[in-house]
2 protein chains.
Amino acid sequence: MKQFTSPLLQQTYELRQSIRRKEHTGVTSGLVEGAMQGNVVILPADWANEFLLFCQKNPVSCPLIGVSEIGSFAMPELGNDIDMRHDIPEYYVYRNGEKVESRSDIEDLWQDDMVAFVLGCSFSFENALSKAGLTPRNIEEDVNVSMFDTNIATTPAGRFFGNTVVTMRPYTPKEAIRAIQITTRFPKAHGAPLHFGSPEAIGISDLSEPNYGDAVTIKEGEVPVFWACGVTPQAVIRNAKPPICITHAPGKMLITDILDTDLAVF
Amino acid sequence: MKQFTSPLLQQTYELRQSIRRKEHTGVTSGLVEGAMQGNVVILPADWANEFLLFCQKNPVSCPLIGVSEIGSFAMPELGNDIDMRHDIPEYYVYRNGEKVESRSDIEDLWQDDMVAFVLGCSFSFENALSKAGLTPRNIEEDVNVSMFDTNIATTPAGRFFGNTVVTMRPYTPKEAIRAIQITTRFPKAHGAPLHFGSPEAIGISDLSEPNYGDAVTIKEGEVPVFWACGVTPQAVIRNAKPPICITHAPGKMLITDILDTDLAVF
């Protein structure tokens with residue numbers, strides 16, 4: 001086992017190793033306080049430029065924090081000894097826009113022309129919310145965050161088009177106002193919410209039936225607050241239908257060595 | 001007429017002079033873009049220390065931007081040649097907690113022991129909202145902002161206690177999120193909202209019947225957003241019952257020479 005002088009770098013390295021050995025296979029929310037987590041999209045090179053443009057046009061749902069060299073499964077700017085083929089707890093494999101399997105490892109699917117993209121994740125601001133006394137309900141209830149498909153269109157780029165996926169956390173209005181201020185500081189983790197209140201207004205029919213993740217309790221006096229989510233590319237890939245695309249499973253993220261606060265503003 | 005090198009200082013001076021001559025007697029919202037406006041509270045000296053403490057304990061509803069010397073009706077830190085006895089379009093006079101009259105001038109009521117307090121006003125962020133495409137409805141409809149008594153308790157200080165008064169501006173949730181970000185920059189103008197959504201949750205029964213100011217249209221898909229208001233001292237004075245207290249009439253403020261952006265953060 002490698003040794004690092006920074007306790008945080010030791011923790012992130014050891015967690016990635018534990019994920020690589022498939023000892024940790026669950027959701028990563030709340031793990032290694034202070035370390036950014038990332039959404040993952042892996043595409044063949046001839047789809048990568050258009051996806052890069054898609055991220056540029058949709059920086060709130062797709063805040064890029066890392067792009068690999070073509071064919072390289074390392075991600076040195078995001079962490080020590082990252083191997084994108086092994087270091088995510090669960091992968092989804094999409095072929096021609098359809099999810100065909102989920103698996104713990106993609107070594108045998110890796111191609112020499114693949115490019116890996118890592119997008120910031122709202123888990124990065126959950127720590128800041130918790131420290132402010134606004135612990136997200138999904139953390140309180142120890143479940144995956146609720147994620148929903150919406151009718152909020154992304155800006156298309158090349159073959160990529162579709163609607164935004166959101167995470168939902170319930171708060172009282174007073175708490176929501178503070179949560180908006182806090183999450184505004186984290187533009188690389190989706191920043192401020194897109195919406196609060198009426199789910200129907202953004203095309204969500206039932207908050208108890210999330211499209212991804214788990215339902216959480218909404219208490220009397222609380223309103224649902226919706227943030228853009230890095231699962232958005234998975235909705236878009238269903239439309240674009242690339243021959244192959246590999247993503248993380250929602251809630252099971254890449255653990256990076258970057259601090260949440262490194263990419264915060266103010 | 002005095003001449004100033006700064007066009008803004010010329011404008012604020014001339015508007016105050018026009019108010020002093022009682023040529024301008026109406027609400028001041030939207031006048032002299034960029035200049036801070038202030039709520040006014042004038043109290044005898046033996047009530048002033050407790051009111052100062054009240055403001056310190058309630059900085060969101062009572063963001064102090066100026067305090068006069070005892071007996072002085074000038075306010076040199078807030079503007080050239082301000083005379084607190086003449087330069088507000090309309091004054092309210094409270095005796096023993098009851099509003100007994102409104103008048104355009106208080107020269108004959110001024111006492112040698114009076115202290116004038118000026119508190120920031122939400123009109124200071126209305127300009128920033130308008131520039132962001134979020135023109136407040138009261139400006140669009142050319143009426144005074146809607147103000148409401150609430151059940152949100154202030155923190156008491158000495159003889160001062162009571163509930164917070166709020167202003168209300170309707171926005172869609174998406175607009176409200178942006179308005180929260182924008183107004184957060186203006187802590188001396190009440191900063192971010194206190195509440196959005198259900199009026200009943202903060203003790204307001206009917207948005208079409210404001211306690212002060214005018215009702216505004218709320219459109220389909222909009223939610224009411226509530227900011228703390230510098231009329232709060234007037235609600236508190238009704239409880240504290242000082243022998244005399246003079247305030248501005250809601251919406252008819254002191255025009256200062258301070259820039260809205262001078263006291264902004266970020």
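A: The account below starts with the sheet and then turns to other strands, the surface and the salt bridges.

The model is predicted, so local features need pLDDT of at least 70 and side-chain atom pairs count only at pLDDT 80 or more, while totals for chains, interfaces and linings use all residues. Residues are numbered from 1 along each chain as its sequence is written, chains are lettered from A and ligands numbered from 1 in the order in which they are written, and side-chain values use heavy atoms, with hydrogens and water left out.

In chain B, 4 strands make up an open sheet, ordered β6-β7-β9-β8, with antiparallel pairing. The edges are β6 (146-153) and β8 (195-196) of chain B; each has a single partner strand, so one side of each lacks a neighbour in the sheet. Helices (H or I, at least four residues) and strands (E, at least two) are DSSP runs numbered from the N terminus, and two strands pair if DSSP finds at least two bridges between them. β8(B) is joined to the antiparallel strand β9 (residues 223-228) of chain B by 2 bridges. One bridge pairs B:His195 with B:Phe226 in β9(B). Helix α6 (residues 232-240) of chain B packs on this sheet and touches β6 and β7 (163-171) of chain B, its direction making about 150° with that of β7(B). Such angles run from 0 to 180 degrees between N-to-C directions, with axes fitted to C-alpha atoms, for helices over the stretch in contact.

The loop between β8 and β9 of chain B holds B:Ile218. B:Ile218 is partly exposed, at a relative accessible area of 34%; buried means under 20%, exposed over 50%, and partly exposed in between (1.4 Å probe, protein chains only). Leaving aside residues up to four places away in sequence, B:Ile218 touches B:Arg137, B:Met168, B:Pro170 and B:Leu207, where contact means heavy atoms within 4.5 Å. The C-alpha atoms of B:Ile218 and B:Leu207 are separated by 9.1 Å, and the two residues are 11 residues apart along the chain.

Elsewhere in chain B, strand β10 (residues 245-248) pairs antiparallel with strand β1 (residues 35-44) through 2 bridges. Here B:Val41 has B:Thr247 as its bridge partner.

B:Phe266 lies in the segment after β11 (254-259) of chain B and is exposed, at 59% relative accessible area.

Over all chains there are 30 salt bridges, a salt bridge being a side-chain nitrogen of Lys or Arg within 4 Å of a carboxyl oxygen of Asp or Glu. One of them joins A:Asp257 and A:Arg16 at 2.9 Å, N to O. A:Asp257 is in strand β11 (residues 254-259) of chain A and A:Arg16 in helix α1 (residues 7-20) of chain A, so the pair ties together parts 241 residues apart in sequence. A:Asp257 is buried at 14% relative accessibility, and A:Arg16 is buried at 1%.

In chain B, the side chains of B:Arg20 and B:Asp81 meet in a salt bridge of 3.7 Å, N to O. B:Arg20 sits in helix α1 (residues 7-20) of chain B and B:Asp81 in the loop between β2 (64-67) and β3 of chain B, so this pair ties together parts 61 residues apart in sequence. B:Arg20 is partly exposed at 23% relative accessibility, and B:Asp81 is partly exposed at 35%.
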